[in-house]
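Trainee: Can we go through this model together? I have some questions about individual residues.
Mentor: Go ahead.

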Amino acid sequence: MKNLTQSPAWLALQAHYDDIKDIHMKELFAEDEQRFDKFSIHANEVMLDYSKNRINQQTMPLLFDLARQSNLSKWRDELFSGVAINATEGRSVLHSALRNRSNQPVMVDGQDVMPKVRVVLDQMRQFSELVRSGKWRGYNGHRIKSIVNIGIGGSDLGPHVVCDALKPFAQHDLDAYFVSNVDASDILETLKKVDPETTLFIIASKTFTTQETMLNAFSARKWFLDQVGDEKAIAKHFVAVTTNIELATEFGINKANTFAFWDWVGGRYSLWSAIGLSIAVYLGMDHFEELLEGAEEMDQHFREAPLEENIPVVMALLGVWYDDFFAAKTHAIIPYSQYLARLPAFLQQLDMESNGKTIDRNGQRVDYSTGPVIWGQAGTNGQHAFFQLIHQGTQLIPADFLISALSHQPLSTHQRVLFSNCLAQTKALMLGKTHAEVLDEMKQQGFDDESIEKISPHKVFEGNKPTNTIIFEQLTPKSLGSILAMYEQKVFVQGVIWNINSYDQWGVEYGKVLAGKILEDLNVPGDVDGHDSSTNGLINYRKKIYFNDSNESTLD
């Protein structure tokens with residue numbers, strides 16, 4: 001493939017960018033009263049309004065040409081058909097099979113994976129219904145009241161965002177907690193809230209060797225045994241999501257309560273698998289399957305809709321437009337929903353761990369950006385925290401605004417105020433406010449000439465700040481499934497265009513290796529000199545404090 005930045009589609013976009021870069025969006029709206037109709041898409045539970053972007057009628061066709069030049073249709077077919085598109089690890093990428101509700105065969109290495117998927121779904125249903133009904137009892141006969149999911153990365157972020165987002169669907173007498181950080185504060189503060197007699201721990205680790213997860217798991221195990229005293233009781237209070245049945249059994253977990261998933265399920269895409277066991281228990285298996293159905297509907301839309309009417313494709317191309325042509329280095333995720341407060345954190349991993357690469361599929365260093373920093377916060381809180389920078393700062397920060405038309409809460413006035421704030425922000429970011437408008441406003445407010453001259457420059461807003469608005473009728477398992485799958489496929493499309501492998505994460509693995517070596521040095525007295533001077537100095541500084549005044553937790 002010709003170098004991306006020298007390809008015909010890229011060069012055409014570069015020339016177009018030079019033509020359009022100084023055009024203000026309010027001019028584009030003034031010129032075309034049908035702009036919203038032309039630049040909005042509705043698919044199942046989700047509506048995307050992308051009219052408040054720095055694009056005109058020529059922009060999108062040029063971006064679609066870029067997608068076609070990248071053989072997006074071929075890559076999309078290979079993604080869903082089980083081809084090992086994760087070339088550096090030799091793996092298929094088939095999280096879509098986990099939500100394949102049609103049960104059409106999905107082949108990996110000549111074998112249909114759907115029978116195995118159905119077996120695990122049935123196992124999840126049986127187990128979750130036992131816990132939720134109270135038929136599953138703890139070691140002393142009490143029903144389960146608390147679930148503690150212990151995992152990290154996708155084994156935490158995925159289930160956590162779903163359980164938080166769908167609290168209105170949760171069983172009222174169950175609480176769900178999530179422990180991921182190896183910092184002892186995370187596990188200890190959680191254990192203060194639960195009772196060993198009524199708590200179920202879900203250990204989520206594919207290999208059952210993930211350092212952070214297993215350290216937290218063994219700390220929870222010790223806490224449990226310190227209070228219960230009977231190792232046989234572990235089988236009533238610990239279950240595992242793993243492929244390593246042997247280690248789970250050694251831990252004390254009953255083999256029947258070990259839930260499998262497969263190497264074609266990437267960690268950050270694993271909430272649809274048995275990693276979602278905490279979702280099934282907390283929300284119920286029916287709601288978990290509705291989540292899968294919503295995701296499958298978005299998958300079908302992504303597979304079947306023309307590029308011009310395809311939500312993940314349009315969102316991906318707009319991201320490339322800003323990242324690579326406007327040099328926007330960050331992208332904000334602003335869910336106007338307290339239930340979706342953890343969505344930015346989930347999307348940070350999904351996007352940045354997938355496309356944070358400098359080497360393309362051909363082993364060559366890229367000469368273009370492959371993804372922005374993803375960040376954000378729930379609205380309206382963000383308005384009073386960082387919106388000032390988006391409105392009047394020196395950086396261009398595209399943003400996604402997500403909101404539901406209807407709330408689950410009875411205080412309807414709150415939702416109207418929330419909705420009005422969401423739309424007001426996207427309008428203000430698009431329009432801005434000119435100096436002439438500021439002068440007129442201040443004169444009407446009675447400011448004197450001296451104050452106007454002094455203050456007016458500070459009240460000018462350039463506007464022309466791009467946003468997507470994503471609206472769904474109500475936050476339900478189905479609509480949430482569609483939204484999460486929408487972002488997954490958006491990330492895939494961008495990886496195809498940038499010619500990178502979105503499904504490995506060697507940077508993460510490298511850090512784990514180094515951490516193991518440093519841990520060995522931290523465990524013994526005496527200075528070390530086997531690292532760089534900074535790392536040596538930091539290790540030795542910590543060891544002087546620790547070995548002089550040990551204050552490690554008694555769980556160590």
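Trainee: Where does glutamate 450 sit?
Mentor: Glutamate 450 is in helix α20, residues 449-455. Helices are DSSP runs of H or I with at least four residues, strands are runs of E with at least two, and both are numbered from the N terminus. As for provenance, this is a predicted model, in which local features need pLDDT of at least 70, side-chain atom pairs count only at pLDDT 80 or more, and totals for chains, interfaces and linings use all residues. Residues are numbered from 1 along each chain as its sequence is written, and side-chain values use heavy atoms, with hydrogens and water left out.

Trainee: Is glutamate 450 buried or exposed?
Mentor: Glutamate 450 is exposed, because its relative accessible area is 66%. The cut-offs are under 20% for buried and over 50% for exposed, with partly exposed in between (1.4 Å probe, protein chains only).

Trainee: Which residues form the negative surface patch?
Mentor: Asp448, Asp449, Glu450 and Glu453 form the patch. Patch residues have over 30% relative accessible area and no salt bridge; like charges are joined within 9 Å, and nonpolar side chains (Val, Leu, Ile, Met, Phe, Trp, Tyr) within 5 Å. Asp and Glu count as negative, Lys and Arg as positive, and His and the chain ends are not counted.

Trainee: Salt bridges next. How many are there in the whole structure?
Mentor: A search of the whole structure gives 21 salt bridges. The criterion is a side-chain nitrogen of Lys or Arg within 4 Å of a carboxyl oxygen of Asp or Glu.

Trainee: What does lysine 38 pair with?
Mentor: Lysine 38 forms a salt bridge with aspartate 32, and their closest N and O atoms are 2.9 Å apart. Aspartate 32 is buried, since its relative accessible area is 16%. Lysine 38 has 41% and is therefore partly exposed.

Trainee: Which helix holds arginine 125 and glutamate 129?
Mentor: Both lie in helix α7, residues 114-133, and they are 4 residues apart, about one turn of the helix. Arginine 125 is partly exposed at 23% relative accessibility, and glutamate 129 is partly exposed at 41%.

Trainee: Which residues are linked with them in a network?
Mentor: The network of salt bridges links Arg101, Arg125, Glu129, Asp286 and Glu289.

Trainee: And what about lysine 222?
Mentor: Lysine 222 forms a salt bridge with aspartate 226, with the closest N and O atoms 3.1 Å apart. Both residues are in helix α10, 4 residues apart, about one turn of the helix. Lysine 222 is partly exposed at 34%, whereas aspartate 226 counts as exposed at 54%.

Trainee: Now backbone geometry. Where is the cis peptide bond?
Mentor: The cis peptide bond joins glycine 379 and threonine 380, with omega about 15°. Threonine 380 is in the loop between β11 (373-376) and α17 (387-392).

Trainee: What is phi for phenylalanine 208?
Mentor: Phi of phenylalanine 208 is near 60°, a positive value in a residue other than glycine. Phenylalanine 208 is in the loop between β7 (199-204) and α10 (211-228). At a relative accessible area of 5%, phenylalanine 208 is buried.

Trainee: And alanine 327, where is that?
Mentor: Alanine 327 is in the loop between α15 (311-325) and β10 (330-335). Its phi is positive too, about 60°, although alanine 327 is not a glycine. Alanine 327 counts as partly exposed because its relative accessibility is 48%.

Trainee: How many of its residues are buried?
Mentor: In α21, 21 of the 22 residues are buried, so the helix is mostly covered by the under 20% cut-off.

Trainee: What follows α21?
Mentor: Asparagine 499 follows α21, and its phi is positive, near 60°.

How values were computed:
Accessible areas come from the Shrake-Rupley method with a 1.4 Å probe; for residues, only the protein chains shown count as cover. The place of a charge is taken as NZ of Lys, CZ of Arg, CG of Asp or CD of Glu.
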